[in-house]
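Here is a short note for a colleague who is new to this entry. Please keep the model open while reading.

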Amino acid sequence: MSDHVPAALVLEDGRIFRGEAYGKVGRTLGEVVFTTGMTGYQETLTDPSYHRQIVVQTAPQIGNTGWNDEDDESAQIWVAGYAVRDPARRPSNWRSRRSLDEELERQGVVGIAGIDTRTLTRHVRELGAMRGGVFSGPELGTDDEMIAAVKASAEMVGASLAGDVTTAEPYVVPAIGEKRFTVAALDLGIKSNTPRMMSERGIEVHVLPLTSTLDEVLSISPDGLFLSNGPGDPATTDAQVELTRQALDRKLPLFGICFGNQILGRALGRGTYKLQYGHRGINIPVIDAETGKVAITAQNHGFAVEGEPGERFDTDFGRAMVSHHCANDGAVEGLRLLDGPAFSVQYHPEAAAGPHDAAPLFDKFVDLMSEAR
């Protein structure tokens, strides 16, 4: 921690939590959300889906294993700010290269430590995710000044953020072993482990910027199209929804996760909405409507697709169904086109960190592409 520099986390409803600076001293603004993962803070911090969010860790002790050079899910930390209760005084792990505090400071992430994250989480659960700010050192102002700064910040509804995190240039992740398929992966905020899991199945993955057109996708002669996770409001993705509709028209095998699930939902004629406080963690139960089986999943999303568990509905591309839903609140967790080769899930089957119950979904994508040949 930064030598006991005072800090405050301020919510737009006027609630203030006081602690000490953690990471960079300064100020940051964003949407305050909580994640329930007991492990994987490095993967959480580098997940592009957390862009412009101040992430509160519900696990009380953070930083015990330090920071290594292998577990990043992207090229940088994406969170707008970070809030923890009890940071490790000294990291201990054979792969650790530096402390979490040092890495936060190195990457300019303003954080706060020593606050009651349990009370903060209960507050967000009750009142919903809301705008907030972390202020420390010289940036600490009067309560009124800090609350005014938070209230002047941008809302998450209507925020188009995937353009901030997408790749600037296409790149290829080669297949491991014999190449069996070529997949065009639309990068809306893709995590490193996703192409890795596809490459392990003999897939050559071409990661493309989110502005890619159908012609650019087809130029690599793909066997399938993958829609990645990402940040922001899915209502801002008209171009990507149109690309998805064009792919569905051509019956190009399609698999979407998280943000990709919401884009497929919109392409199938469904609306999206903001959840009260979202699903963020690595222990969220999802029910498969057809088998009744439960998978424990990793999730990170604040928006969801409209629909009811097990619902079947008509689309421009044939019949579709809500294939999965959340056991906790009934939210849509998956969609499947019954008359075409397309499916999506709201959770993260690459799950780094997290459970591996959903990893076979990549095999399902392989099966779809095999059948389409």
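Against which elements do the buried residues of α10 pack?

1. They pack against β11 (181-187), α6 (193-199), β12 (203-209), β13 (224-227), β14 (254-257) and β20 (342-345). Helices (H or I, at least four residues) and strands (E, at least two) are DSSP runs, numbered from the N terminus.

2. A word on the source. This is a predicted model: local features need pLDDT of at least 70, and side-chain atom pairs count only at pLDDT 80 or more, while totals for chains, interfaces and linings use all residues. Residues are numbered from 1 along each chain as its sequence is written, and side-chain values use heavy atoms, without hydrogens and water.

3. The buried residues in α10 are L361, F362, F365, V366, L368 and M369. Buried means under 20% relative accessible area, exposed over 50%, partly exposed in between (1.4 Å probe, protein chains only). These residues cover an arc of only 155° around the axis, so they sit on the same side of α10. The arc is taken from the directions from the helix axis to the C-beta atoms.

4. F226, F255, F343, F362 and F365 form one aromatic cluster. Rings of Phe, Tyr and Trp (its six-membered ring) pair if their centres lie within 6.5 Å; planes under 30 degrees apart count as stacked, over 60 as edge-to-face and the rest as tilted. The whole structure holds five aromatic pairs. F255 and F365 have ring centres 5.4 Å apart and planes at 55°, so this pair is tilted. It links strand β14 to helix α10, 110 residues apart.

Note on methods:
Contact means heavy atoms within 4.5 Å.
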